[in-house]
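Work through the exercises below with the structure in view, and try each task before reading its solution.

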Amino acid sequence: VSMEAGEEMTDVYQGAEFKWCLVTREVSGDPNNGGGGAREIRSYEVSFHRRHKEKALKEYLPFIVATAKAIKDQERSLSIYMNERYDEWSPIDLQHPSTFDTLAMDQKQKQSIVDDLDRFIKRKEYYRKIGKAWKRGYLLYGPPGTGKSSLIAAIANHLRFDIYDLELTGVNSNSDLRRLLVGMTNRSILVVED
């Protein structure tokens, strides 16, 4: 959203009006931290009729936060991490263009994988309730050039997950492997090649 200071925008959510306003204020810099000049603090203020307080706190604001997070996740660039040192990940940008739309694969098999991934994403809370780790595994096999890496990239692009490519020959001990696995971020794909 792009707004000017003092500008208002009205949003209607389930019949209730919510007015957003961009508020700016000047704050003087901290001379102890080398900041002698003033800087501008920008924030959004939302106002609504008091009868909508419950809807605002329990439905509207969580909806706004979830939508903003989804947009941010969708726009962030993905990374592929490799273990160049025995216990440390080294990232580079994932520039692989593969998606399920561009993947050359049997249409039924492709749709089956997409449906499985979508079901997996929606069931995070279910996994937590039954006390199971929220993870999904696939075993890909075949000769070089058959599309295994492209399928992994398509999965990463579909889920918006980073990829961690684990090279086991670079791992010297179980404790190094444990440090690598603990160093992975949530919502990521671990690839272990033979």
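A nonpolar core is a set of buried Ala, Val, Leu, Ile, Met, Phe, Trp, Tyr and Cys residues joined through side-chain atoms within 4.5 Å. The model examined here is predicted.

**Exercise 1.** Find how many residues the largest nonpolar core has, and which elements give two or more residues to this core.

*Solution.* The largest nonpolar core has 18 residues, and those with the most contacts inside it include Leu 94, Phe 100, Leu 117 and Ile 189. Two or more residues come from each of α2 (107–122), α4 (148–159) and β7 (188–192), and the largest share, six residues, is that of α4. Leaving aside residues up to four places away in sequence, Ile 189 touches several residues, among them Ile 152, Ile 155 and Ala 156. A second, separate core of seven residues includes Tyr 81, Trp 89, Tyr 164 and Val 171.

**Exercise 2.** Decide whether the ring pair of Tyr 13 and Tyr 60 is stacked, tilted or edge-to-face.

*Solution.* Planes under 30 degrees apart count as stacked and over 60 as edge-to-face. The ring centres of Tyr 13 and Tyr 60 are 5.3 Å apart with the planes at 55°, so this pair is tilted. Because Tyr 13 lies in strand β1 and Tyr 60 in helix α1, the pair ties together parts that are 47 residues apart in sequence. Tyr 13 is buried, with a relative accessible area of 15%, and Tyr 60 is buried at 0%.

**Exercise 3.** Classify the aromatic pair of Phe 120 and Tyr 127.

*Solution.* With 5.9 Å from centre to centre and 85° between the planes, the pair of Phe 120 and Tyr 127 is edge-to-face, and both residues are buried.

Note on methods. Residues are numbered from 1 along each chain as its sequence is written. This is a predicted model: local features need pLDDT of at least 70, side-chain atom pairs count only at pLDDT 80 or more; totals for chains, interfaces and linings use all residues. Side-chain values use heavy atoms; hydrogens and water are left out. Buried means under 20% relative accessible area, exposed over 50%, partly exposed in between (1.4 Å probe, protein chains only). Helices (H or I, at least four residues) and strands (E, at least two) are DSSP runs, numbered from the N terminus. Contact means heavy atoms within 4.5 Å. Rings of Phe, Tyr and Trp (its six-membered ring) pair if their centres lie within 6.5 Å; planes under 30 degrees apart count as stacked, over 60 as edge-to-face and the rest as tilted.
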